[in-house]
Amino acid sequence: MIKKIVKVDYNDKYDDELDKLRVSVSMLLLERDNLLFHECKDIEAEYVLKFGKLEYKVYEAECEYRRLKRKLELIITSRNHNEPIDLDTIDEQLEKELEEFYKILNAKLGEIEDAKIRQGLPRLSDEEDKELKSLYRKLIKKLHPDMNPNVTEYEKELFNKIVECYENGNLLELQMIEISLEDKSITVENSLEEKPRLTKLVDKLTSQIQEIKSTYPYNILKETLVNKEKTIERYKQLNEMYDRYSYEIQIYTEEIENFLKEE
C-alpha cells in the first residue's frame, strides 16, 4: 500500500491561527469597551435616576445629624470650661469640619444632573448601534495599540478619537474616520512573537471583562435594578436610614435648645 504524502503549509496554518487570535482580541476589546463606556455608565445613570434623589435626601439628613451632634459637643465643651458659648464661632468651625461632607453632597446633585443629561441624549437605533460596534471593531483591528504595537503617535491620537466617538455614540464621525483609513493595511513584524503576545492579550482581556462584571457598578447596581425584590429592599433601606437620621436630628435639636436655655 502506497501512502499518500500530504504537504502541510505550516506558514498558512500559522497565519490562520494568528487571524483567529486577532479576531478574538478585537471581539474581547469591543466587549470590554462596551461594558466600560456604555453598559456600566447606563447602569449608573439608571440607578441614579431611580434612587439618586432619595440618596441625596438621606445624605443631606446625615450631614445635618453630624453637624448637630458636633455642635452639641462644642457647646458642652465651652460650658465645661466655663467659657461663653459663641454660636457664630461654633458654626464657622462646623463649616470647616464638615466641608468634605458638603462637597460629597454637592457631587450627588451633580450625579443626578449628569444622569438626566445622559438619559436625554439621542439614542441610536438598533441598526445604528450594530453599525457603531461593527465599525469600532474594524477600527480596533487597524489602530488599537495592543493589536498593533507599531502604530505611530499620530495613529495613537487618532485611536483615542475613535474611542471618544464610540463612547459618545458618534456614528457619523466614526464613519468618516473609517473612510479615511480604507487603504490602511497593518503589517506585523516578527510574526513568531505575535502569537504568544496575542494569546497573553486574550487572557488579559478575558480577565478584565470578568473583573468588570464582578465589581461595582455592574454587579451590585445591575442586580438592584433588575431584581424587583432588591429594588424594594433598597427603597426600604434608604427610607429607614432617612427616618433614623430625622429622629436623631430632632433629639439633638432639642438637646441643644435645652442647653442654650440654661445659659
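Seven nonpolar, one polar and eight charged residues make up the lining of the second largest pocket. In this scheme Ala, Val, Leu, Ile, Met, Phe, Trp, Tyr, Cys and Pro are nonpolar, Asp, Glu, Lys and Arg are charged, and the others, Gly among them, are polar. A pocket here is an open set of points on a 1 Å grid over the protein atoms alone, where a 1.4 Å probe fits, with protein on both sides within 12 Å along at least five of seven lines; lining residues have an atom within 4 Å of a point.

Before going on, please keep in mind that this is a predicted model, in which local features need pLDDT of at least 70, side-chain atom pairs count only at pLDDT 80 or more, and totals for chains, interfaces and linings use all residues. Residues are numbered from 1 along each chain as its sequence is written, and side-chain values use heavy atoms, with hydrogens and water left out.

The second largest pocket has a volume of about 370 Å³, the space filled by probe spheres set on grid points joined across faces, edges and corners. Of its 16 lining residues, E44, Y47, V48, E111 and Y216 are the closest to the centre. Helices are DSSP runs of H or I with at least four residues, numbered from the N terminus.

Now turn to the largest pocket, which holds about 430 Å³ of space. It is lined by 16 residues, with H38, R123, E167, N168 and G169 nearest its centre. The elements giving two or more residues here are α1 (10-80), α4 (126-143) and α5 (153-168). Again α1 gives the most, with five residues. By class, this lining has five nonpolar, four polar and seven charged residues.
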